[in-house]
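The following exercises are to be worked with the sequence and the model in view. Each task is followed by a solution in steps.

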Amino acid sequence: MRAADEALIVIDVQNDFCPGGALAVAGGDGIVEPINALMTEFQAVILTQDWHPEGHSSFASSHEGLAPFSVTSMPYGPQVLWPDHCLQGSQGAAFHQGLHTDPAQMVVRKGFNPAVDSYSAFFENDQTTPTGLEGYLHTRGITKLTMVGLALDFCVNFSAVDGAKLGFAVSVDKNLCRAIDMDGSLEAALKNMKRAGVQLNG
């Protein structure tokens, strides 16, 4: 069993990010059982859940004439426009049915602000609006984070980098992540995490 100051953060293992989902990541369902096994090693387990209202500003369908995976400019910077996904209360937003959710002591829902997307488990994409995860971890005395989940080059990347910036010791188990890898996004994300001091394992 890991020490009490270590937490496992399982990022967005939801139906829409798994094969057959609206924004499927290749092999996304293949990490479910190994993540379940890893949960048994940690005293603290936290899940994140993408949780969008209908008509979210990050959806391509909200921008006339713009296609999914194109990039537009938002007040907080560039924004990839996604297919509609992880709508609040939908089957697509639900955790993968094979994922063990009982060990989790907290679920962080993100992306519920209709005007701002949220990749990171710590901040919305404006980089200033917190999710509350940082405070939760501090009050529990947690200083070390292991991150796994979907997708490595977006939500895992942003979460890991923000965690490192906030002073946590962050490691990412690449074997328990899958990436979208769009236009070189995976290579850029790996460099970004290394630069931030994130330990990459696997």
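Val45 is buried, with a relative accessible area of 1%; buried means under 20%, exposed over 50% and partly exposed in between, for a 1.4 Å probe and protein chains only. The model is a predicted one, in which local features need pLDDT of at least 70 and side-chain atom pairs count only at pLDDT 80 or more, while totals for chains, interfaces and linings use all residues. Residues are numbered from 1 along each chain as its sequence is written, and side-chain values use heavy atoms, with hydrogens and water left out.

**Exercise 1.** Determine in which strand Val45 lies and which residues it touches beyond four places in sequence.

Solution. Step one: Val45 belongs to strand β2; strands (E, at least two residues) and helices (H or I, at least four) are DSSP runs numbered from the N terminus. Step two: its contacts (heavy atoms within 4.5 Å) are Leu8, Met39, Pro103, Ala104, Gln105 and Met106, when residues up to four places away are not counted. Step three: Thr146 is 101 residues from Val45 in sequence, yet their C-alpha atoms are 9.7 Å apart.

**Exercise 2.** Identify the buried residues of helix α1 and state how they are arranged around its axis.

Solution. Step one: in α1 (residues 32–39), Val32, Ile35, Asn36, Leu38 and Met39 are buried. Step two: viewed down the axis, these residues fall within an arc of 160°, so they line one face of the helix; the arc is taken from the directions from the helix axis to the C-beta atoms. Step three: an α-helix has 3.6 residues a turn, so residues three or four places apart point the same way. Step four: the buried residues of α1 pack against β1 (6–11), β2 (44–50), β6 (144–150) and β7 (169–178).

**Exercise 3.** Describe the surroundings of Asn36 and find which backbone oxygen lies 2.9 Å from a polar atom of its side chain.

Solution. Step one: Asn36 lies in α1 and is buried, at a relative accessible area of 4%. Step two: leaving aside neighbours within four places in sequence, Asn36 is in contact with Gly98, Leu99 and His100. Step three: the oxygen in question is that of Gly98.

**Exercise 4.** Locate Asn157 and decide whether it is buried or exposed.

Solution. Step one: Asn157 is placed in helix α3 (residues 152–165). Step two: its relative accessible area is 4%, so Asn157 is buried. Step three: apart from neighbours within four places in sequence, Asn157 contacts Ala151, Leu152, Ala189, Asn192 and Met193.

Key. Polar contact = N/O pair within 3.5 Å; in protein donor to acceptor, adjacent residues only side chain to side chain.
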